[in-house]
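Dear colleague,

I am handing over the structure we spoke about, and below it you will find my notes on a few of its local features. Please read them alongside the coordinates.

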Amino acid sequence: MVFRAEAVDWKLSTYVDYMRNNADESPLYLFDRAFVSKMGLKIGPPEEEPEATYWPPPCFGEDFFSVLGNDRPDRQWLIIGPERSGSTFHKDPNATSAWNAVVRGSKYWIMFPSSSKLPPPPGVFVSDDQSEVTSPLSIAEWLLGFHAEARRTPGCIEGICGEGEILHVPSGWWHLVVNLEPSIAITQNFTPRAHLTATLDFLSNKADQVSGFRKDVHNPYERFVENMRKTHPELLQQALDELKKKSDGRKRKWDELVHGRAAQEDAGDSSEAGGFSFGFGDDGSDVEVP
């Protein structure tokens, strides 16, 4: 049985040896999406699955990506890493939220809320369509160069999660996490009611950034909408109405920007035209203009 540790697939015993003996600045992080099937685990609420290894915390409510059944994107991850390992700043895929449960060890988290009015975290540079993120190569570099500034930045939230604790990562939040000691965690992505519109928006308008679906799942947005219409028609319509309002708001802002600028330019042209003029006298004389 092998597990994925970034770009390599190793037996768990090989990775444990690496954990115990490495001195890397940025150690390899075991982040495996297929651990449930590999280990033959049973997942679900105890009342439905008496032999469940674990179950999603009920406080997060229903996961609406579940309407896709086996066609849903990757969602369950086993995370193991030594001290100093972790994840640089990122947002979770497909505008999903996530919960992260620490089984062993402890993790430091620093997070920033999602807002069009706030820039990315210090030291993080994002392309206009947010498809590309550039930041220091390692967590250590970022901590040395930008951590102090980040802690003074509005919206910053930081903390340490220890064994037995669960952290919630809302949809769209930037977050960085680093293991303070050898750690094991389980995390799961989900789409709650509060962020259903965000997921629909992402699937519809950022199709080139959608990830985690099998290659034979074509047009995830249409499939998601179709299944939601069968199972939660009223909720879907509410979310689509919210999405339309959001889209109309974007269009209105764009029109104001474009047409407002055009109006200013027209006004400027008119002002310039009225501010200076010359003509020949009506006496018919030829006047030389130097």
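Where is the place of Ala 95? Ala 95 lies in the loop between strand 5 and strand 6, where helices (H or I, at least four residues) and strands (E, at least two) are DSSP runs, numbered from the N terminus.

This is a predicted model, in which local features need pLDDT of at least 70 and side-chain atom pairs count only at pLDDT 80 or more, while totals for chains, interfaces and linings use all residues. Residues are numbered from 1 along each chain as its sequence is written, and side-chain values use heavy atoms, with hydrogens and water left out.

Ala 95 has a positive phi, near 60°, although this residue is not a glycine, and at 12% relative accessibility Ala 95 counts as buried (under 20% relative accessible area, with exposed being over 50% and partly exposed in between, for a 1.4 Å probe and protein chains only). Arg 84, in the loop between strand 4 and strand 5 (86–90), likewise is a non-glycine residue with a positive phi, of about 85°, but Arg 84 counts as partly exposed at 33% relative accessibility.

Strand 13 (residues 183–190) is mostly covered, with seven of its eight residues buried. Strand 13 runs antiparallel to strand 4 (residues 76–81), to which six bridges join it (two strands pair if DSSP finds at least two bridges between them), and here Gly 81 stands opposite Ser 183. Strand 6 (residues 97–104) is also antiparallel to strand 13, through seven bridges, and Ala 98 has Asn 189 as its bridge partner there.

With regards
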